[in-house]
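I opened this notebook to record what I looked up in one protein model, entry by entry.

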Amino acid sequence: MRFFHFLSMQLFKRGAYTSGYLALHIITSLLDRGYAVRGTVRNEEKGAYLKAMFKNDNLEYIVVPSIEAPGAFDEAVKGVDGVIHAASPVGNFTADTDTFIRMAVEGTTGILKSAKLNEPNIKRIVITSSNVAIDHPVESKRIFTENDWNDRSVETVREKGSASTFIERYTASKTLAERAAWDFIEANKSEIQFDIDTLCPPMIFGPMLHKLETQKDINVSNSFLYQAITANEKDVADSTVQIGNFVDARDIARIHVDLLSIPEASNERYIPAAGQSPCILLDYVGSLTSLIIGQWTYQDVWDALQEEPVIPGAPIGNPGAAKGKVHNLILDSSKLNALLGVPHEETFRPFSQSVRDFAVQVKEKGWF
């Protein structure tokens, strides 16, 4: 049996308990395909939760308290032949700018260093980056591809320093962490036996597998959906303001696993976006930082909840009002579609399904 190391997301605690939203979906996809999985967790409590949740002998865990610590993954990589690195300090809203970026960069380069020094059988490492490492706000139509980099975010953080907002720090950290990975590969190409792929997804939506005790346990990306689902229509001045692109957690998890075993996907960058418009930069509190054209809107969320069977208690707004909006910023997923060899609509679930599956889950919790 092949033994793949899966690197769990190391999110900072927001509520009573936090585990990696995307990580758990990736573990599910790996186990469903018969892989043996070693996950990294921040403490024994999270490890015990994983074991109790999956009840699968093909899953084991190792505690890595700090992903940016030197040699943090030295033991974790031993005996594996593939790595999925989905860890990033996305939930650390209070870290200063330098610390936030350092954690992201060193967490990414750390796994590469550990793989180089400790496990010669690793063939591929799949790294979760973000669309924010690719795109940036535009005032006229532009198509972004894997050849683009959001260096504007880095320049903004360098100029503003400690005055940078969370989203500015996060955007710069994703750009710098991914660049650091590619720089490592270039500098060490004659000494390493593995290649890498990076995935740059937009907002990740869909059902949650991690422990949910209160609304505070809703992961960051789904929290935007939750705001839309629970919004008071009277408080939303324009329900057709476009918010951004998306991908379902189950689809992006499957794609991570796909990339482990496709020979042609060697040292490549991919955009896994379910639509053909952009993701947006939003403050965590939900206010727009600037006028950015996007894809999904509050009205799109509300329309999805009115599909049969209707989800009771959901806002209605002005049905269909967001259809046909013009988008300026477009993400191109054609490279990934060509690699996988299937039509776009077969690779990605529709927005309405992601919304409804999430809404049913929070409705059953009594949270709206």
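What percentage of the 368 residues of the protein count as buried? I looked this up before anything else, bearing in mind that I am working with a predicted model, and I found that 58% of the residues count as buried.

**Entry: overall make-up**

I noted 11 helices and 13 strands in the protein. I then looked up how far apart in sequence the contacting residues are, and among contacts between residues at least 6 apart in sequence, 78% join residues at least 24 apart.

**Entry: helix α1 and its two partners**

I began with helix α1, residues 21-32, and helix α2, residues 44-54, whose axes lie 12 Å apart and which pack at an angle of about 45°. An angle of this kind makes α1 oblique to α2, and I recorded their crossing as right-handed. On the α1 side the contact is made by Leu24, Ile27, Thr28 and Leu31, while α2 contributes Leu50, Met53 and Phe54. Sorted by class, this contact of α1 with α2 has 6 nonpolar residues, 1 polar residue and no charged ones.

I next followed α1 to helix α7, residues 249-260, where the two axes come within 8 Å and cross at roughly 55°. I therefore wrote down α1 and α7 as oblique to each other, and here too I noted a crossing that is right-handed. From α1, the residues Tyr21, Leu22, His25, Ile26, Ser29 and Leu30 meet a set in α7 that consists of Ala249, Arg250, Ile252, Ala253, Arg254, His256, Val257 and Leu260. By class I have 9 nonpolar, 3 polar and 2 charged residues in the contact of α1 with α7.

**Entry: helices α6 and α11**

How are α6 and α11 oriented to each other? I looked up helix α6, residues 220-229, and helix α11, residues 351-364, and found that their axes cross at roughly 75° and come within 11 Å. Angles from 65 to 115 degrees count as roughly perpendicular, and α6 and α11 are therefore roughly perpendicular to each other. In this pair, Asn222, Leu225, Tyr226 and Ile229 of α6 meet Phe351, Val355, Phe358, Ala359 and Val362 of α11. I divided the residues of this contact into 8 nonpolar, 1 polar and no charged.

**Entry: two residues of helix α3**

Is Ser114 buried or exposed? I located Ser114 in helix α3, residues 97-118, and Ser114 counts as buried because its relative accessibility is 2%, where the cut-off for buried is under 20%. The side chain of Ser114 makes a polar contact with the side chain of Asp74, at 2.7 Å. Leaving out residues up to four places away in sequence, I found that Ser114 touches Gly71, Phe73, Asp74, Val77 and Glu119.

I then turned to Met103, which is also found in helix α3 and which counts as buried at 7% relative accessibility. Between Met103 and Ala177 there are 9.0 Å in space, C-alpha to C-alpha, although they are 74 residues apart in sequence.

**Entry: backbone points to revisit**

Where does Lys55 lie? I found Lys55 in the loop between α2 and β3, the strand of residues 59-63, and its phi is near 45°, a positive value in a residue other than glycine. Lys55 is exposed, since its relative accessible area is 70%.

Asn267 is not a glycine either, yet I recorded a positive phi of about 55° for it.

Which form does the peptide bond from Glu308 to Pro309 take? I noted it as cis, with omega near -5°, and I placed Pro309 in the loop between α8, residues 298-305, and β13, residues 329-331.

Terms used
Residues are numbered from 1 along each chain as its sequence is written. This is a predicted model: local features need pLDDT of at least 70, side-chain atom pairs count only at pLDDT 80 or more; totals for chains, interfaces and linings use all residues. Side-chain values use heavy atoms; hydrogens and water are left out. Axes are lines fitted to C-alpha atoms, for helices over the stretch in contact, and angles run from 0 to 180 degrees between N-to-C directions. Helices (H or I, at least four residues) and strands (E, at least two) are DSSP runs, numbered from the N terminus. Angles under 35 degrees count as roughly parallel, over 145 as roughly antiparallel, 65 to 115 as roughly perpendicular and the rest as oblique. A crossing is left-handed if the near helix is turned anticlockwise from the far one by less than a right angle, and right-handed if clockwise. Contact means heavy atoms within 4.5 Å. Ala, Val, Leu, Ile, Met, Phe, Trp, Tyr, Cys and Pro count as nonpolar, Asp, Glu, Lys and Arg as charged, and the others, Gly among them, as polar. Buried means under 20% relative accessible area, exposed over 50%, partly exposed in between (1.4 Å probe, protein chains only). A polar contact is a pair of N or O atoms within 3.5 Å; within protein, one must be able to donate a hydrogen and the other to accept it, and residues adjacent in sequence count only if both atoms are side-chain atoms.
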